[in-house]
Amino acid sequence: MFMKTKINNVIAATLIGAGVLLSGAVQAADFNLRAVANSNENDEDYDGLVVFKDFIESHSNGRIAMDIYMGTQLCGNGVECLEALEYGSVDVYISTTGGAASMYPYVQVLDLPYLLPDDRVAERVLEGDFTRELRKQILADSGNSVRLMTIGNTGGWRNFANTKRTVKTPADLNGLKMRTVVADLPQELVRAMGASPTPIPWGDLFTSFQTGVVEGSKNGITDIMGMKFTEAGLKYLTLDGHAYMSALWYMNNDMFMDMPEDLRRVMVDGFSALQQATFASPKRKSIKAYQDFANTGGILYVPTPDEKAQFKKSAEPVYSWFKGNIQDGDKWFNLLSASAAKAEKEIAAEYAKDLK
């Protein structure tokens with residue numbers, strides 16, 4: 001079998017210039033993969049990649065080898081990295097929904113607020129046919145070059161945080177300048193809550209809090225504490241859990257399909273192990289993060305069921321926006337809603353057995 005060597009000249013020069021040379025062990029593999037995550041080694045993405053690398057290399061008896069590139073060594077953002085994945089200069093990549101929305105707008109269905117109520121439901125949905133349907137659509141839209149392998153988690157749940165006041169109901173968000181990504185759906189959600197969406201690059205957010213350019217954000221606790229936003233004035237956090245922070249993991253489809261079936265099975269099992277690692281990592285890391293938040297003087301608020309219902313009611317215009325502005329929006333909204341309802345029903349049946 002020929003060795004997979006799709007590193008282009010630019011990337012090869014970059015690697016040589018950085019003094020990173022493929023070892024003899026790597027060159028002995030049948031398939032050499034390059035995996036990219038635009039984050040750092042403290043992130044859940046890295047935890048998943050470490051598990052994935054160990055699994056595929058050991059279970060393939062060395063026939064698969066993989067190098068991990070954290071940050072922006074090979075590509076700098078979602079669009080750039082997904083294009084690199086299409087061209088084959090990157091083999092494995094992880095994006096958020098916001099990072100992929102400009103190329104595959106329908107992935108924003110995962111950002112629709114309050115459709116996934118908790119970790120157990122979200123994880124069951126993402127392990128099932130909903131992800132397979134997204135895979136089919138992304139393959140079709142990428143000319144059969146980008147294969148969605150699995151969906152994990154990157155940071156727990158998005159919650160409303162701000163520098164000004166405790167938020168108990170949507171009315172308390174009125175007028176706040178809330179940081180969003182450039183994708184449309186998060187901005188629509190902030191508007192629906194009565195706040196003012198303010199797109200700010202992630203790297204500028206700390207300074208933006210300090211200067212008052214923004215007064216709030218929609219982040220998970222591990223991101224908040226990892227970036228030390230409390231030192232920039234972020235003090236109030238409302239655990240409304242409006243969105244599960246999905247991580248979409250892709251592979252170059254040509255690379256995947258060039259593998260014999262036994263190695264494709266190893267890859268599928270490896271991505272399953274990666275998914276489980278990213279499901280677990282935020283749960284563990286959030287324990288200390290919440291403690292650290294409280295120790296800095298941060299104030300946590302958990303909405304009551306009635307208050308949570310008010311948030312969900314205020315978010316309904318976002319559903320209408322998604323259905324009306326995203327191609328096949330009705331299809332994806334209904335599919336995610338039905339998948340969540342099915343998961344809740346299955347879990348309720350398990351409770352009926354387990355609680356007796």
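Leaving out residues up to four places away in sequence, Asn-253 touches Leu-139, Asn-144, Ser-145, Val-146 and Arg-147, where contact means heavy atoms within 4.5 Å. This residue belongs to helix H11 (residues 253–258); helices (H or I, at least four residues) and strands (E, at least two) are DSSP runs, numbered from the N terminus. Asn-253 counts as buried because its relative accessibility is 4%; buried means under 20% relative accessible area, exposed over 50%, and partly exposed in between (1.4 Å probe, protein chains only).

The model described here is predicted, so local features need pLDDT of at least 70 and side-chain atom pairs count only at pLDDT 80 or more, while totals for chains, interfaces and linings use all residues. Residues are numbered from 1 along each chain as its sequence is written, and side-chain values use heavy atoms, with hydrogens and water left out.

Lys-342 counts as exposed because its relative accessibility is 54%.

In soluble globular proteins, nonpolar side chains tend to be buried together. A nonpolar core is a set of buried Ala, Val, Leu, Ile, Met, Phe, Trp, Tyr and Cys residues joined through side-chain atoms within 4.5 Å. The largest one here has 58 residues, and those with the most contacts inside it include Leu-112, Leu-116 and Phe-322. Among the elements giving two or more residues to this core are helix H4 (78–87), strand E4 (146–162) and helix H14 (316–325). H15 provides the largest share, 6 residues. Apart from this core lies another, of 25 residues, including Ala-35 and Met-267. As for Phe-322, its contacts beyond four places in sequence include Tyr-106, Leu-112, Leu-185 and Trp-332.

Strand E8 (residues 236–252) gives the largest share of the lining, 3 residues.

The structure also holds 1 disulfide, a pair of cysteine sulfur atoms within 2.5 Å. Cys-75 and Cys-81 form this link, with their sulfur atoms 2.1 Å apart. Both Cys-75 and Cys-81 are buried.
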